[in-house]
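Please have your viewer ready.

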Amino acid sequence: MEKDLLIGDKSIANYGSDDLSPGIAQGTLGHSSPFEEASAPPYELMEETPADEKKKSEDSGSHSPRSGEEQDEIPPHLRDLNVLSASEQDMKEAFLKYAARKCCYRTAPAKHMKVRNLTPLNTYRYRLETFTETRETYVASGFYNGGFVDSSAVAPPPAPWDVIVDPPPLFTDCEMHLPIPHSYSVENCPNCKGRGAIKCLSCEGTGKKKCSACGGSGTNTLEDNSICSWCSGTGDNCCFSCRSNGWLKCYRCNGTGVLLFHTELTITWKNNILEHIADKESGLPIYLLQEATGEEILCDENFAVFPIVDFPELSIEDYSRACIEQHRMQFSLGGVHHILKQKQTIEFVPITKAEYEWKGKLYSFYVFGKEKKVYTKDYPAKCCCSVM
């Protein structure tokens, strides 16, 4: 069970409640300090031992970014971008599978090429995820057929952020709609002004319409000026829309003249993502890397994360600082959004460029990602396909 989420020293919502139905947060936080009204301890107990200082420094660093010593625990092949992440055999196998999947590619170059050079072009991908909760209210209405009304006379309706709900799993988009308790009221229908009926638009409330046969004259002017047989000389016919009543039952209140109003609460959980890939000008289109996965080398999850420091790629540090500040400005000001959790990760994305020779000419291709995806601009053996 997670504790109450605190923003600005205020309790927002008690997440993780066993009660699935929405409730009302009662009172304020009831946690009392264990040192309340305690007298000062003896002087000898106030002296910190080296072990206490070490423990204190470890606790204070538990919510800070990774230090340089912690980052040294990352394997060398993930910290050094100039280390080959794929062997020549791996490159050939990936290239052969790629050519075999293309209906217009012959596999001979992939089978018999001569690899001349392998160049590591590995890079890093930074991702910031900010899991937010937004609460908005609007007035909703429905039919009222009598019965109990949970109005503000029963109890004061809670504020939107005082309604207790169970949130979805972290970093998962979700939306919930629910009525706010004690916000119901019975009021006149605004469509019919409480009458239960609205004026017929077809006859404008008269219950009659001009006869279409005689044009309202009551006589048959096209023949012998005899009395019109359709309207019996009155020039009017009954309105079939309202059955000569001039009024129609109000569709909004179903003819009752009243509606049951309440305040509807919409809760939106959203995982907001910012991503950056360090561009090494490798010649590989950046958009291809968005679909490839890498090896996660850093994961920092907390209520508020700090910018990355002491990382070998400076652009990752700069983008981490910029992303965190952007989300802080976007979601922390104004009180519309509440940040529930943040997570930042860094992935090592392997990229290897192969230069090979086929029939006396040099070509190249890339193998990237843990999936060993392949990209090439100039495959040497293509055939023309046609549909008969």
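## Salt bridges within helices

A salt bridge here is a side-chain nitrogen of Lys or Arg within 4 Å of a carboxyl oxygen of Asp or Glu. The model is predicted, so local features need pLDDT of at least 70 and side-chain atom pairs count only at pLDDT 80 or more, while totals for chains, interfaces and linings use all residues. Residues are numbered from 1 along each chain as its sequence is written, and side-chain values use heavy atoms, with hydrogens and water left out.

The structure holds eight salt bridges. One of them joins Glu325 to Arg328, with the closest N and O atoms 2.8 Å apart. Both residues belong to helix α8 (residues 314–331) and sit three residues apart, about one turn of the helix. Helices (H or I, at least four residues) and strands (E, at least two) are DSSP runs, numbered from the N terminus. Glu325 is partly exposed at 36% relative accessible area, and Arg328 is partly exposed at 38%; buried means under 20%, exposed over 50%, and partly exposed in between, using a 1.4 Å probe and protein chains only.

## A link across the chain

Which residue forms a salt bridge with Arg127? The partner is Glu347, and the closest N and O atoms are 3.5 Å apart. This pair links distant parts of the chain, with Arg127 in strand β5 (residues 123–143) and Glu347 in strand β17 (residues 337–349), 220 residues apart. Glu347 counts as buried, at 10% relative accessibility. Arg125, Arg127, Glu275 and Glu347 are linked in a network of salt bridges.

## An open sheet

Four strands form an open, antiparallel sheet in the order β4-β18-β19-β20. Strands pair if DSSP finds at least two bridges between them. The edges are β4 (114–120) and β20 (373–375), each with a single partner strand, so one side of each lacks a neighbour in the sheet.

Six bridges join β4 to β18 (residues 351–358). Within this pairing, Val115 has Tyr356 in β18 as its bridge partner.

## One cavity

A cavity is a set of points, on a 1 Å grid over the protein atoms alone, where a 1.4 Å probe fits but cannot get out; lining residues have an atom within 4 Å of a point. The whole structure has one cavity of 30 Å³ or more. Residues lining the largest cavity include Leu121, Asp279, Lys280 and Ile351.

Note on methods
On a 1 Å grid over the protein atoms alone, a cavity is a set of points where a 1.4 Å probe fits but cannot get out, and a pocket is an open set with protein on both sides within 12 Å along at least five of seven lines; lining residues have an atom within 4 Å of a point. Grid points are joined across faces, edges and corners, and a volume is the space filled by probe spheres set on the points.
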